[in-house]
Amino acid sequence: MALLLRSMARPGFQVCRSQFGVLYRHAVPMGTTAKEEMNKFWDKNTRLNRPMSPHLTIYRWSIPMVMSITFRGTGVGLSGGISLFAVAAMVLPGNYPEYLDLIHSLSYGPQFLAFTKFALAFPVSYHTLNGIRHLAWDTGKGFKIPEVYRSGYVVCALSVLASIGLACL
Amino acid sequence: MASIVRLSSVCHRGVKPLFARNTILPRELLACRTLREKDCIQSSVQINASSSSSHSAASSKAASMHWTGERAVSVLLLGMAPAAYLYPGPAVDYAVAAALTLHGHWGIGQVLTDYVHGEAKIKLANASLYTLSMVTFAGLCYFNYKDVGICKAIAMLWSI
């Protein structure tokens, strides 16, 4: 009996001993920041010319995913449009009302105008409404998956309605 | 014949109890090992966290202030939409120009941070963004000053 217990205790002691050395090796403060680690990752992988694993082409698209990238797309698009407008304002000759008269003389009919207004209003209303959804998330609300989908549907529906409403003004 | 020993008597007293007369079951020894592992990992995690927070306390404050600034400008811009409709004029024109440019600058900045990698490329992208934003703000202010202004422009466009 005593022999049995002694034989159990000895391997136990050895295991505990090795644990101390192996695990305390982790107790060294990290010398790099997260940003540095990320840059190291990218530098190494581009240097070795490694191909990227398929991700967007194979992962199943979901409503939240599509809404998220559309939010980014509308943001970049609107920003680009505003910058284009600002550059045009400085570079092009003449003033704004003249250009409006030009458009007015070219117009193809009320449907075309309504459609153009809808096309301009939709990115603005979608980006604004989804932006409000984002701000709600920033307060910590609405993260449950059913809530994410529900708020997403509401944003999509309201965007379309708001754009139609604005196009009719 | 199994004698039950309290786990604490084995785990917190170091190696000595193993030689003591009170016996331990292999099961308790395993539990002690995992407990020790967790303690060690926890302490190493704490060391990691404390060292990173002590030398980067200043820079992490900047990031969170930037985040708050982004949300503040977003809310401000949201409020300017009804303001532009109800009180069009130079004040709202210039306020919209500033808020819109800043919101766009920070927004594109996040996009660049997400997709651009590599020291040189990041620097180039951010420098280009600064140039674009300054040109955009200059153009919008010029439009407000020399031309009809943002609020009036949208109103005129919509009544074509």
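This is a predicted model: local features need pLDDT of at least 70, side-chain atom pairs count only at pLDDT 80 or more; totals for chains, interfaces and linings use all residues.
## Chain A as a whole

Chain A contains 6 helices and 0 strands, and its elements follow the order α-α-α-α-α-α from the N terminus on. Of its 169 residues, 21% count as buried. Among contacts in chain A with a separation of 6 or more, 75% are made by residues 24 or more positions apart.

## Helix H3 of chain A

H3(A) has 29 residues, which at 1.5 Å a residue should span 42 Å; its end C-alpha atoms are 41 Å apart, in agreement with that expectation. The buried residues in H3(A) are A:Met67, A:Phe71, A:Thr74, A:Gly75, A:Ser79, A:Ser83, A:Ala86 and A:Ala89. These buried residues pack against helices of both chains, namely H5 and H6 of chain A and H4 and H5 of chain B.

## The packing of H3 on H5 in chain A

Helix H3 (residues 63–91) and helix H5 (residues 110–138) of chain A pack at an angle of about 125°, and their axes are 9 Å apart. The two helices are therefore oblique to each other. H3(A) passes H5(A) in a left-handed crossing.

On the H3(A) side, the contact is formed by A:Met67, A:Thr70, A:Phe71, A:Thr74, A:Gly75 and A:Leu78; these meet A:Pro123, A:Val124, A:Tyr126, A:His127, A:Asn130, A:Gly131, A:Arg133 and A:His134 in H5(A). The residues of this contact divide into 6 nonpolar, 7 polar and 1 charged.

A:Ser163 is placed in helix H6 (residues 145–168) of chain A. Its relative accessibility is 0%, so A:Ser163 counts as buried. Apart from neighbours within four places in sequence, A:Ser163 is in contact with A:Phe118, A:Ala121, A:Phe122 and A:Ser125.

## Helix H5 of chain B and its surroundings

Helix H5 of chain B covers residues 119–146; its 28 residues should span 40 Å at 1.5 Å a residue, and its end C-alpha atoms are 40 Å apart, which agrees. Buried residues in H5(B) are B:Ala125, B:Leu129, B:Ser133, B:Thr136, B:Gly139, B:Leu140, B:Cys141, B:Phe143 and B:Asn144. The cover over them includes H3 and helix H4 (96–106) of chain A, together with helix H4 (90–115) and helix H6 (150–158) of chain B.

## Contact between H4 of chain A and H6 of chain B

H4(A) and H6(B) pack with their axes 11 Å apart and at an angle of about 15°. The cut-off for roughly parallel is an angle under 35 degrees, and these two helices are therefore roughly parallel to each other. Their crossing is right-handed.

In this contact A:Tyr96, A:Pro97 and A:Leu100 of H4(A) meet B:Ala153, B:Met156 and B:Leu157 of H6(B). The contact residues comprise 6 nonpolar, no polar and no charged.

Technical notes: Residues are numbered from 1 along each chain as its sequence is written. Chains are lettered from A and ligands numbered from 1 in the order in which they are written. Side-chain values use heavy atoms; hydrogens and water are left out. Helices (H or I, at least four residues) and strands (E, at least two) are DSSP runs, numbered from the N terminus. Buried means under 20% relative accessible area, exposed over 50%, partly exposed in between (1.4 Å probe, protein chains only). Contact means heavy atoms within 4.5 Å. Axes are lines fitted to C-alpha atoms, for helices over the stretch in contact, and angles run from 0 to 180 degrees between N-to-C directions. Angles under 35 degrees count as roughly parallel, over 145 as roughly antiparallel, 65 to 115 as roughly perpendicular and the rest as oblique. A crossing is left-handed if the near helix is turned anticlockwise from the far one by less than a right angle, and right-handed if clockwise. Ala, Val, Leu, Ile, Met, Phe, Trp, Tyr, Cys and Pro count as nonpolar, Asp, Glu, Lys and Arg as charged, and the others, Gly among them, as polar. The expected span of a helix is 1.5 Å times one less than its number of residues.
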